Amino acid sequence: METNDSKESSREIVVPGDLLAISGKKAGPGTYSEGGKIFASQLGIKTVRQDSISVVPLSGQYIPIRGDLVVGKIVDIGASNWLVDINSPYPAPLHVNEVPWRVEFGETGKFMTVGDIVLIKVVGVDEVKRIQVSMQDHGLRKLTGGMVMEVSPSKVPRVIGKNGSMIQMLKNETGCRIYVGQNGRIWIDGELDNIVKAVRAIKLIEDESHSLGLTEKVKELLSRKGSEREM
Amino acid sequence: MGKDVVADLKRDYISKLLAKGARADGRRFDEMRPLKIETGFVRSAEGSARVELGNTQVVVGVKLVTGEPFPDTPNSGVLTTNAELIPMASDSFEGGPPDQESIEVARVIDRGIREGHAVDMSKLVIEPGKEVWIMFVDVHVLDYDGNLFDAANIGANAALKTCIVPAKRAGKGEDYQLPVQHQPISITAVKIDDKILIDPTHDEERVAEARLTVATLETGNLCAMQKGLNGAFKLDEVFKVVELSRKIGSEVRSRF
Amino acid sequence: MGGTPTDLKLIDERGLRIDGRRPDEMRPLRIEAGVLKRADGSAYVEWGQNKVMAAVYGPRECHPRHLQNPERALVQCNYNMASFSVEDRKRPGPDRRSHEISKIISEALTHVVFTEYFPRTSIDVYIEVLQANAGTRCAGLTAASVALADAGVPMKDLVAACAAGKVADTVVLDLGKEEDNSGQADIPLGYVPRTGEIVLLQMDGDLSPEEFDKGVRMAIDACRKVSEIQRDALKRRYSASSADVDAAQAVPEMPKEGP
């Protein structure tokens, strides 16, 4: 059981201020350099590559990056935009020019309202972190039906899995449609029992994201028959 | 404004599950979350308890000081209950003086202790009409995931049960055990889509139509109630909550 | 604990302190990271008879808005003592002392946080003293640093804190309550071990320059030990588990279906 995934023998948890390297490498995300040395700036896992060294964080807020697909929640309506909470420190205004419909001034509320869930993309982040989002791309839309859950944004890569393997397994085993926003919000739609199963599996991934044999555990949970409905 | 908007999808999901007889965390409708009680947590208090009810966590401390009784109750100690819904516990709590929500929590806890005669207040008199023990019950919420009423009530009961009257320190004779005579245990239910759910989580509270807290005694009698939120209960629903409170309350009481 | 007798013997003939410690000995310190669910990061510290909880929310939208800094995050600390944390019940709510402590802890933490990464936001740090026994500001700052790291806030290092002081004409480390009440001086100190920077420093009482020198060095040595315990708490939270990190580079999932 304990030997399965342990190919990462050098997996090392580091804390802000820990010395990671003396010199010769580029300071990647989660690190900083000072006096030719590289130190950890975040709690996370030390990751050494050929030319750089970085820390994969174990926690932290979602900070938007251009191109991110995110699941947002409409929290306010203006005359020519919707204010979308994208689970980040920065609110994201969605302008009427960035939706797939023609919206007259003052008619925003006819299209989407407070509490709606939307699948959008981050199209701009400036140096003071002003965010621009858009719904004008293939598949972007207001999400109806199903369920939206939140996981820690740092766990999103685990939910997706290596080359999308985990999310593919979740989709195959539950038959649900699932969108994983980079901001930690996940939309799931399908049969109610299957949604419940997917939610449980994702909670397991979040709780045990750093334990051994996670894939096996998730597979085991998903393969259980829907008979025990205690959820 | 902002983050606290409940997504319609979340509301719908809870509703759909309830229609099938299920709750999002897998509990039965009449099931409490796991309860953990640790007494004697704070040594600087005369009595204390740390309570975890699911992910809700509170610390209750009891302090006793000497002071004057109220003129109309010269032969009785004084009870003061206070609740601090500090911003540590939730991003929906704000700092500053107690708001309506903390005052309601404090008053409901107070009512249970007072009307349930948890403490024999006549034994807290030092000199009738002149000097009595003033009992401060302070509820400190550390982590908020719904149902503060019951977590705080259970914490208060547990803290009182272990409380010592610090008579020696005050130069009033020997220390003695606080004369606790009853355990008024409160159980809270919410109504969502005509379903009655015991011990609501924060998510459930946010979509709940109405809330009812019922405190009962070991005799099975009722001693305090509080209905909250904008929705309403039918009489048979009220009776149902009362019955559940009596049943679950006695289970909780057996933990003391 | 009773009142404070005036003829309290703070250092005995063997040179030991009232609780049996050597002059340079710290009280036992235990730290747990990630103890609260709602907060973004948290830590619980038991330091002698002190019990302190710290929680971090953020970076998040800064309220009130007029405090927003267009270039940086604002680190806002709120230090609060529970009414039952002291022998004489404290009236709930902030007083001048807690305002001052909140301010100096905010400043100490701001020094190590990469605030420039999060313009216009605030990082809110809440310190709740549940049981107080002298040294709560150091315990609070120590807990807050761990909570910040637990929340994933990027920072240069953890701030560690410890006090030194003087009792019965002896320079001692980490004053307990009796020592604080009838001691001659107290020097709470916050320290960044990696850089050797002092980010919190107060002093009250009466010290010769030599005594001050000795006390500060004693406190700094202790901060290095505190730092180790802080780091251990954070690592313990995630150890006993292992996983392949490669998933971190997984390709984001793009929607396939049309609207």
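Strands here are DSSP runs of E with at least two residues, helices are runs of H or I with at least four, and both are numbered from the N terminus.

Strand β11 (residues 117-125) of chain A runs antiparallel to β12(A) and is joined to it by four bridges, where pairing requires that DSSP find at least two bridges between the strands. Within this pair, Val125(A) stands opposite Ile131(A). The two strands form a hairpin with five residues between them, and Lys129(A) in the turn has a positive phi of about 65°.

## Basis of the model

This is a predicted model, in which local features need pLDDT of at least 70 and side-chain atom pairs count only at pLDDT 80 or more, whereas totals for chains, interfaces and linings use all residues. Residues are numbered from 1 along each chain as its sequence is written, and chains are lettered from A and ligands numbered from 1 in the order in which they are written.

The predictor gives the complex an ipTM of 0.92 and a pTM of 0.92. Chain C averages a pLDDT (the predictor's confidence in each residue, from 0 to 100) of 91, and 90% of its residues score at least 70. The pLDDT is below 50 over residues 1-5 of chain C, a stretch with four contacts in the model beyond near neighbours in sequence; contact means that the C-beta atoms of two residues, placed from the backbone, lie within 7 Å.

## Chain A as a whole

Chain A contains four helices and 16 strands, and its C-alpha atoms fill a box of roughly 60 × 55 × 25 Å along the principal axes. Of the 231 residues in this chain, 45% are buried.

## Where chain B meets chain C

In the interface, 28 residues of chain B are in contact with 26 residues of chain C. On the chain B side, β3 (56-67), β4 (78-84) and β6 (131-143) each supply at least two residues, and the largest share, five residues, comes from β6(B).

## A covered helix in chain C

Helix α2 (residues 136-150) of chain C has 15 residues, and 15 of its 15 residues are buried. After α2(C) comes Gly152(C), whose phi is positive, near 80°.

Conventions. Buried ≥ 20, exposed ≤ 12 C-beta atoms within 10 Å, placed from the backbone. Expected span 1.5 Å × (residues − 1).
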